[in-house]
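Subject: Structure for your review

Dear colleague,

Please find the sequence and the structure below. I would be grateful if you could read the notes that come after with the model open beside you.

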Amino acid sequence: MKLLHKDIEKDNAGQVTLVPDEAEDMWHTYNLLQVGDSLRASTIRKVQTESSTGSVGSSRVRTTLTLCVETIDFDSQACQLRVKGTNIQENQYVKMGAYHTIELELNRKFTLAKKVWDSVVLDRIEQACDPAQKADVAAVVMQEGLANIVLVTPAMTLLRAKVEVTIPRKRKGSCAQHEKALERFYEAVMQGILRHINFDVVKCVLVGSPGFVKDQFISHLFKEAVRQDNKVLLENRPKFMLVHSSSGHKYSLKEILSDPAVTSRLSDTKAAGEVKALEDFYKMLQHEPDRAFYGLAHVEKASDALAIDILLISDQLFRHQEVATRSRYVRLVDSVRDNGGTVRYLNQLSGVAAILRFPIAGLSEAEEEDSDSD
């Protein structure tokens, strides 16, 4: 994401102009947008024209519209973002108040105006525009005949390619068909890696599968790399890491990232942070429950006591339609930061949780006693 222009007043109202330059930026934009915002972007509109003879025709024209946002629709698989709203600026093709849906496009700028730019939204822009936040982990999750090539970023997992090849079963006395199909499959996965993984950015490529599929694939990959004298693969061989997964489906990635060997290897990458933060919380909950709080009321009390070391909070909470509820979460984030705590926005979490600097005992018991007395 590129930030072209930022104009925010002292009362926190203002606008920013951004250019999304990769699929993940659509996810960041989805998290920036709220109902009631003003969005200005280039779009295509079907307009009707009447000729001098009275015949009516229609044509599609590209124009720039400013909408008051009413509906936001994000397709996470295709990374497409559609924004529906009413036109609030006079236009030669679209009347004031008319409805239109803008589909935001890669490499086309848009301007977003808000009445209040809070700290969480400004953080999101900083994160999206920081080149260090880009995908620095890639993974190939595979089984015989199926492979998913994904990029793992701190914000989301991007499916870059899905390779499916039918592999016939081995027959008695003849394995030729089976072997040929496997060769075709491995070749397709190799081409997918070369096309979708930027080794200048990616620090580690995880290759996971059940059984020996991963080992056979890596053997094929580097045998071909030597035969073709493919310097990109040969120079980046140390970045490949073989791990076990229960299947070749995308959901097995979570299991791969939780592997202790993977966690230590990925310690200097951004993607490991989310997995490690959640694991630390669950360990703390198990061994020192007085230092692991969850639920908004409990976490707010811990924040009031200046006890929060790490706040884990879901992205989804900041898309709340009620301003008062959203402001409550923003205040919590600001309070934790002001008191030296760390804030992590997590996809895998549905609410809010915190790891504390010191134990706070008896909080839940005190609340239970209060509710009993009521």
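The notes below go from the whole chain to individual residues.

This is a predicted model, in which local features need pLDDT of at least 70 and side-chain atom pairs count only at pLDDT 80 or more, while totals for chains, interfaces and linings use all residues. Residues are numbered from 1 along each chain as its sequence is written, and side-chain values use heavy atoms, with hydrogens and water left out.

Overall picture

The protein has 11 helices and 16 strands; these are DSSP runs numbered from the N terminus, with helices (H or I) of at least four residues and strands (E) of at least two. Its C-alpha atoms fill a box of roughly 85 × 75 × 40 Å along the principal axes. Of the 374 residues, 47% count as buried (buried means under 20% relative accessible area, exposed over 50%, and partly exposed in between, with a 1.4 Å probe and protein chains only). Among contacts (heavy atoms within 4.5 Å) with a separation of 6 or more, 65% are between residues 24 or more positions apart.

An unreviewed UniProt entry annotates residues 1-130 as "domain: eRF1/Pelota-like N-terminal"; such annotations may be inferred rather than shown by experiment, their feature names are shortened, and their positions are given in the numbering used here. Over residues 1-130 the chain is 16% helix and 50% strand, and the end C-alpha atoms are 8 Å apart.

Nonpolar cores

A nonpolar core is a set of buried Ala, Val, Leu, Ile, Met, Phe, Trp, Tyr and Cys residues joined through side-chain atoms within 4.5 Å. The largest has 60 residues, and Met142, Phe185, Ile193 and Phe240 have the most contacts inside it. Helix H3 (residues 176-196) gives the most to this core, with seven residues. Another core, of 22 residues, lies apart from it and includes Ala307, Phe318, Val343 and Val352.

Leaving aside neighbours within four places in sequence, methionine 142 is in contact with residues including Phe185, Val189, Val213 and Phe217. Helix H3 also holds glycine 192, which is buried at 3% relative accessibility. Beyond four places in sequence, glycine 192 touches Ile149 and Ile197.

Helix H9

In helix H9 (residues 296-304), Leu296, Val299, Glu300, Ala302 and Ser303 are buried. They lie on the same side of H9, because they cover an arc of only 160° around the axis, the arc being that of the directions from the helix axis to the C-beta atoms. The buried residues of H9 pack against strands S13 (292-294), S14 (308-314) and S16 (352-356), and against helix H10 (323-338). Just after H9, leucine 306 takes a positive phi of about 60°.

Aspartate 118

Aspartate 118 sits in the loop between strand S7 (110-114) and helix H2 (119-129), and is buried at a relative accessible area of 14%. Its side chain reaches the backbone nitrogen of valine 120 at 3.1 Å, and a polar atom of that side chain lies 3.0 Å from the backbone nitrogen of valine 121. Apart from neighbours within four places in sequence, aspartate 118 is in contact with Arg326 and Val330.

Cysteines

The count of disulfides is zero, a disulfide being a pair of cysteine sulfur atoms within 2.5 Å. Cysteine 68 is partly exposed at 26% relative accessibility, and cysteine 129 is partly exposed at 24%.

With kind regards

Technical notes. A polar contact is a pair of N or O atoms within 3.5 Å; within protein, one must be able to donate a hydrogen and the other to accept it, and residues adjacent in sequence count only if both atoms are side-chain atoms.
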